Amino acid sequence: MRALSLETIGAGKSFGSFRALGDVSMKVRAGTVHALLGENGAGKSTLVKGIVGYGPLDEGSILIGGREQTIVSPRDAHGLGIGMVYQHFTVAPGLSVAENLVLSRGELPWRIDWKQERARLAEFMQRMPFNIDVERAVSSLAAGEKQKLEILKQLYLDRRFIILDEPTSVLTPQEAEEVLGLMRDLTRAGDLSVLMITHKFSEVTRFADDVTVLRRGQLVGSKAVADTDETELSTWMMGESRTQAAVLERTRNDAERVPGLEVSNLQVANDRGTLAVKGVSLSVLPGEIVGIAGISGNGQRELTEALLGQRRRSAGEIRVNGRPYQATRTEMQRERVYSLPEEPLRNACIAGMSVAENLALRDYDQAPLCRSGWLINRRAIRLRARDLIERFNVRPNDPDRPIGTLSGGNVQRAVLARELTEDVAVLIVSNPVFGLDFASVELIHRRLLEARNRGAAVLLLSEDLDELLELSDRILVIHDGEINHQTVPAEAERQVLGRYMAGTEQNDQQVAS
Amino acid sequence: MADLDLATFFLALLAGAIRVGTPFIFVSLGECLTEKSGRINLGLEGILVSGAMAGYAVAYLTGSAWIGVLAAGGAGLMLGLLHGAICSLPRVNDIAVGIALMVLGTGLAFFLGKSFIQPQAPSLVAIHLGGWSDDERVRSALSINVLFFIGVALAFVLSWGLRSTRWGLMLRLVGDHAESARALGYRPVLVRIAATAAGGFLAGIGGAYLSLYYPGSWNEGLSSGQGIMAVALVIFARWQPLRCLWAALLFGAAGAIGPALQSVGISSGYYLFSAAPYALTLAVMFITCRPNQTLSGAPGELSLTR
């Protein structure tokens, strides 16, 4: 059997006085898929970074194939046949698939014999259960294909132990199924062992043989998947079973009302000048959350940017509260349009400015923060910042700190504090909880529902189906820049949504509103 | 005879494109190499002028034009190395360093080159390919400097090398995605310093062509912005060496419009036509750079596109 077994004994790691990982002993059997479960900050990444040598462990030992090994750099790990597939892509977009694969091999002759390399790659691809045209530029691959390329790269390098960091976060349910099924088949054949970081129970129960759960850097439990169930696993993960958020009262009447946001036949070009949004029409009523599902890279970013005024539209019309909307600052303030864009540090904040200044970006030019139209009242800005920081629980609670030094969850909470004022009319939200811990996720979801219940029209673009099914009143699916499906969460089926997201199912009906 | 005139005009234009375009070939290939590594060197103008001065001075002192060319390359290499090293310090912006280097390079060259303005250094010799013709114009148009052929060969070698050698792939990887280069154990900083130094070497040789062949003397008004236009040229060429070659010839041709018209007896607007390369630069920038679009083919790590 080529597959490697791996065991950690008493693994631990501290950052300063913070103990990120302590006394974790875990065994991955050769030729199995082992799931590593835990919420954000539980120490999963710290553990696997220790195993692949990116952040060597302080304590404990690692046994590979039963023999103790020291791993202090990625080179050591690679030498032992251990590789990792990261959540973000590590292939160069400007190079072709073949060039990326050949480069990854490390030692190359000074002259690369492309004829011979191509023949070798073709022979390799023949053995693989899935294929990518090696001549294509990586930048032209869809997210799912890039993920496959990352896995192919590891197999091309003859890795016998592969660590996957949330491998399915950018894939459709079908693609996820395919990739994970493939990994399982390879392990069954004895070619490979897999350690997979995940937070999706369904992936654990369907594809993993064993599961280990971490919480706050400690090992909570490790078991064969067959001997456990979701209730036990979620108890292990969260400490106690997660309580259902109280269903909030909402005041909504669907009588004839002007849509808060109405988009008709919108076309937007991407950075390369080709159309990324190809005639999208949708409308969001006040007191409604409309979710847009889709795999990343199908026009969501361009759509959001066009709605927020970050990108020019090529054609089409946007109306807010019934009036044409060009996303100028005056219109945003008059129509009360707010947004929670993805990557808030890049799209909604100025990293070098203080938290207080960032909290004032929407209205520093209006009374009471601004006197006689030009003089900024810094005291008022700081006072209000203190109040918002307390109400939205931003940590550390120092209004003068540059916002770029805050953690992701706190940046998102600060942006939330600025954008979710009392009188939001239209809210455009994009992947609001990406990479945040459970507490922040709960808070942000609750605030979104509250805003809806107060009558805001909310457009929610997300790559997380669970989030959309939980929050939305209606769900639209975007594929290749077009809306091709509409449904309500109560009737939605994951597999059906997935097929539309992947574009294997075409326009079932004319979706206009 | 309108036919003859047209032939004369195009012959003069072709000869001019080669004569004026040769330094563009070297400077743009050098800049292409540097930018492929993910850095932009705006100091090429300074390197070009330094190369011109160093080449002229050494050729005068040693009596050999070819040693002068090597010295020019050496001077360019040192300045490129300086740029590469400074930019490798944390939080240093390559564009700002480039502008400083432009001023430093020209300033140093003017200061050190004062005493070489008068004397006559040996020139690079041209190869006469027009011996078969008894037409004087054809013969003068076909006397081409060896550096041109070296430049053309270099463009093909670079184009092949970036695809099919270990160093070429490494350079492109570093310029496209430094993080994965690091993950593969390469050291982007060293690669970039080397690429900037090599780019400086080529730009220095471009300078030597100016002072040792055409126009063929050292003075402070020698360069007319070729170093800066090369940056635009590389963008126009979409970071591909072979296209750099064609673009350099195109820019050379634009610079030769005035003299070519003069050769057929049209001398009005001579100075207006000498502005053609600059107008072409502006037009290229206007056509290729648009808001809401990144440049296709640009190395991913370039500060220009990030």
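Predicted model: local features only at pLDDT ≥ 70, side-chain atom pairs only at ≥ 80, totals over all residues.

Colleague: Which residues of chain A lose the most area to chain B?

Modeller: Those are A:Leu103, A:Trp110 and A:Asp271. Together they make up 26% of what the chain A side buries.

Colleague: And how many salt bridges are there between chain A and chain B?

Modeller: The count is one salt bridge. A:Glu99 forms it with B:Arg172, and the closest N and O atoms are 2.8 Å apart.

Colleague: Why would two side chains pair up like that?

Modeller: Side chains of opposite charge can pair when their charged atoms come close.

Colleague: Nice. What about polar contacts between chain A and chain B, how many residue pairs?

Modeller: Six residue pairs are in polar contact there, counting pairs with both residues at pLDDT 80 or more.

Colleague: Let's switch to chain B. At what angle do helix H3 and helix H9 of chain B pack?

Modeller: Helix H3 (residues 65–87) and helix H9 (residues 188–212) of chain B pack at about 145°, with their axes 6 Å apart.

Colleague: Is the crossing of H3(B) and H9(B) left-handed or right-handed?

Modeller: The crossing is right-handed. The contact of these two helices has twelve nonpolar and ten polar residues, and no charged residues.

Colleague: Back to salt bridges: how many does the structure hold over all chains?

Modeller: Over all chains there are 34 salt bridges. One of them is between A:Glu178 and A:Lys148, at 3.6 Å from N to O. A:Glu178 lies in helix H6 (residues 173–188) of chain A and A:Lys148 in helix H5 (residues 143–156) of chain A, so the pair ties together parts that are 30 residues apart in sequence.

Colleague: Last topic, the backbone. Where are there cis peptide bonds?

Modeller: A cis peptide bond joins A:Arg395 and A:Pro396, with omega about -5°. A:Pro396 lies in the loop between helix H13 (378–391) and helix H14 (408–419) of chain A. In chain B, a cis peptide bond joins B:Tyr214 and B:Pro215, with omega about 5°. B:Pro215 lies in the loop between H9 and helix H10 (226–236) of chain B.

Colleague: And what is phi of A:Arg336 near?

Modeller: Phi is near 55° for A:Arg336, a positive value in a residue other than glycine. A:Arg336 lies in the loop between helix H10 (329–335) and strand E16 (337–340) of chain A.

Key
Residues numbered from 1 in each chain as written. Chains lettered and ligands numbered in written order. Heavy atoms only, no water. Buried area = accessible area lost by both parts, 1.4 Å probe. Salt bridge = Lys/Arg side-chain N within 4 Å of Asp/Glu carboxyl O. Polar contact = N/O pair within 3.5 Å; in protein donor to acceptor, adjacent residues only side chain to side chain. Axes fitted to C-alpha atoms, helices over the stretch in contact; angles between N-to-C directions. Helix = DSSP H or I, 4+ residues; strand = E, 2+ residues; numbered from the N terminus. Left-handed = near helix turned anticlockwise from the far one by under 90°. Nonpolar A, V, L, I, M, F, W, Y, C, P; charged D, E, K, R; others polar.
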